[in-house]
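Biologist: I have a new model to learn my way around, so please take me through it slowly.

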Amino acid sequence: MTFETVLSIFLGIGLAASVGFRIFLPLFALSLAAYFGVWQLNENWEWVGSMAALITFGVATIVEIFAYFIPWLDNLLDSFAIPMAALAGTAVMVSTASNLDPVITWTLAIIAGGGTATAIKGASATGRLASTATTGGTANPVIGLVETGTAAVVTTASIFVPILAAFLVLIILIVIYRLYRKFRPRT
């Protein structure tokens, strides 16, 4: 396995984690990176770097970011976003993984990409639901801002320093696991 392959895997995992916070922001960043030649995408996914995809993902990113500042709408979006995160996490992993056998690529994409995105989106949706229940939604815009900021940082790290992004994803997953253990119902 070449260093380029390892970096492409780290890029995919980092973007998949970002998808768990905001679905379209990492797709928009990946589209920008492909459009400007920063990252080469797999042959079947080169359309992501097209001008049409760039505009579409850009508009979707803006709409999604602002929608998460509306307390009742953010919870509604989460009900759709969890399955979408799984698909988008899988897609970013498939589109970025290079020099791998298709079986390995799809296995990594489903488990590492889709699994990471779903775990993070599920945790953030649960946190937002708890925020709505305890604060009547008044804290939700703050949570939305933190999630957008985290998605932006991890996405940027994924594109420019994929090794750092993989480390950030590991930290995020550890924090989610610790919060889960702390707040899970005792039986």
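Biologist: How far apart are the end C-alpha atoms of residues 6-35, and how much of the span is helix?
Modeller: The end C-alpha atoms of residues 6-35 are 22 Å apart, and the span is 87% helix and 0% strand, where helices (H or I, at least four residues) and strands (E, at least two) are DSSP runs numbered from the N terminus. Please keep in mind that this is a predicted model, in which local features need pLDDT of at least 70 and side-chain atom pairs count only at pLDDT 80 or more, while totals for chains, interfaces and linings use all residues. Residues are numbered from 1 along each chain as its sequence is written, and side-chain values use heavy atoms, with hydrogens and water left out.

Biologist: Which residues does UniProt list for "transmembrane region"?
Modeller: An unreviewed UniProt entry lists residues 6-35, 47-70, 76-96, 103-120 and 159-180 under that name; the positions are given in the numbering used here, feature names are shortened, and annotations may be inferred rather than shown by experiment. Over one of these stretches, residues 76-96, the chain is 100% helix and 0% strand, with 30 Å between the end C-alpha atoms.

Biologist: Let's look at α2. What should its twelve residues span?
Modeller: At 1.5 Å a residue they should span 16 Å, and the end C-alpha atoms of α2 are 16 Å apart, which agrees; the expected span is 1.5 Å times one less than the number of residues. Just after α2, G37 takes a positive phi of about 80°.

Biologist: Which residues of α2 are buried, and what covers them?
Modeller: In α2, L25, P26, L27, A29, L30, S31, A33 and A34 are buried, where buried means under 20% relative accessible area, exposed means over 50% and partly exposed lies in between (1.4 Å probe, protein chains only). Their cover includes α1 (3-19), α3 (51-67), α4 (71-96) and α6 (140-160).

Biologist: And S31, what is it in contact with?
Modeller: S31 sits in helix α2 (residues 24-35) and has a relative accessible area of 0%, so it counts as buried. Leaving aside neighbours within four places in sequence, S31 is in contact (heavy atoms within 4.5 Å) with V48, G49, S50, A53, L54 and F57. A polar atom of the S31 side chain also lies 3.4 Å from the backbone nitrogen of L54.

Biologist: What about the largest nonpolar core, which members touch the most others?
Modeller: A nonpolar core is a set of buried Ala, Val, Leu, Ile, Met, Phe, Trp, Tyr and Cys residues joined through side-chain atoms within 4.5 Å. The largest one has 23 residues, of which V19, I23, L27, L30, W39, V92 and I159 touch the most other members. Helices α1, α2, α3 and α4 each supply at least two residues of this core. A second, separate core of 16 residues includes I9, I13, M93 and A151.

Biologist: Switching to charges, how many salt bridges does a search of the whole structure find?
Modeller: The search finds four salt bridges, each being a side-chain nitrogen of Lys or Arg within 4 Å of a carboxyl oxygen of Asp or Glu. One of them joins the side chains of D78 and K121 at 3.8 Å, N to O. D78 lies in helix α4 and K121 in helix α5 (residues 102-135), so this pair ties together parts that are 43 residues apart in sequence.

Biologist: Which salt bridges does R128 form?
Modeller: R128 forms a salt bridge with D78, where the closest N and O atoms are 2.7 Å apart, and another with E147, where they are 2.8 Å apart. The second pair links distant parts of the chain, with E147 in helix α6 and R128 in helix α5, 19 residues apart.

Biologist: Are those two, E147 and R128, buried or exposed?
Modeller: Both E147 and R128 are buried, and so is D78. R22, D78, K121, R128 and E147 are linked in a network of salt bridges.

Biologist: Last one: what joins the side chains of N140 and T132?
Modeller: They are joined by a polar contact of 2.7 Å, meaning a pair of N or O atoms within 3.5 Å; within protein, one must be able to donate a hydrogen and the other to accept it, and residues adjacent in sequence count only if both atoms are side-chain atoms. N140 is in helix α6 and is buried, with a relative accessible area of 0%.
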